[in-house]
Amino acid sequence: MSRVTHLVAVFVEDIPELLEDGILYVSRECRVAMHNCACGCGEEVSTPLVRTEYDLIMDDAGPSIWPSIGNHDFACTSHYIIRNGRIIWAGQMSRGQIEAGRAYDSFLKRGSPTKIQTVVAWLKRLWSKLIG
Ligand SMILES: [Zn+2]
């Protein structure tokens with residue numbers, strides 16, 4: 001087990017019992033993706049691919065998962081973003097900071113008004129979740 005820098009998506013019907021490092025197992029049937037924590041601690045990270053949880057975007061460059069993976073329940077408390085198959089470590093920034101920054105970054109640059117509305121609505125939800 002060691003820290004990985006990339007994840008390769010593998011589509012499966014059922015998630016295997018033993019996960020390999022560096023692989024993102026995607027089950028459309030179960031609407032879930034799973035991978036071993038990128039820090040190498042061996043914990044399994046489950047990302048439900050449902051509207052209210054995570055979005056998986058498949059690209060030629062690799063899979064992206066949004067929002068960021070915050071493993072606050074694990075001993076490692078690792079926090080990272082999976083983007084085009086790469087692990088982007090989120091360091092010490094809070095989840096809120098990262099998500100807000102990334103959302104503005106990627107969505108505003110693309111400039112689609114409907115997407116901006118989606119993000120604004122989502123940020124509002126995030127805000128009320130964080131602040132109350
Ligand atoms: Zn970990």
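The dialogue below concerns this predicted model.

Student: What makes up the secondary structure of the protein chain?

Tutor: The chain has 2 helices and 8 strands. Read from the N terminus, the order is β-β-β-β-β-β-β-β-α-α.

Student: Why is Val-119 called buried?

Tutor: A residue is buried if 20 or more other C-beta atoms lie within 10 Å of its own. Val-119 has 20 C-beta neighbours inside 10 Å, so Val-119 counts as buried. Val-119 belongs to helix H2, residues 113–131.

Student: How much of the protein chain is buried?

Tutor: Of the 132 residues in the chain, 18% are buried.

Student: What makes a set of residues a nonpolar core, and which residues have the most contacts inside the largest one?

Tutor: The members must be buried residues of kinds such as Ala, Leu, Ile and Tyr, joined through C-beta atoms within 7 Å. The largest such core has 15 residues, and those with the most contacts inside it include Leu-24, Ala-33, Ile-69 and Tyr-80. Strands E2 (23–27), E6 (62–70) and E7 (79–83) each give two or more residues to this core. E2 gives the most, with 3 residues.

Student: Which residues does Leu-24 touch, leaving aside those up to four places away in sequence?

Tutor: Among them are Leu-7, Val-8, Ala-33, His-35 and Pro-63. Contact here requires C-beta atoms within 7 Å.

Key: Residues are numbered from 1 along each chain as its sequence is written. This is a predicted model: local features need pLDDT of at least 70, side-chain atom pairs count only at pLDDT 80 or more; totals for chains, interfaces and linings use all residues. A residue is buried if 20 or more other C-beta atoms lie within 10 Å of its own, exposed if 12 or fewer, and partly exposed in between; C-beta atoms are placed from the backbone. Helices (H or I, at least four residues) and strands (E, at least two) are DSSP runs, numbered from the N terminus. Two residues are in contact if their C-beta atoms, placed from the backbone, lie within 7 Å.
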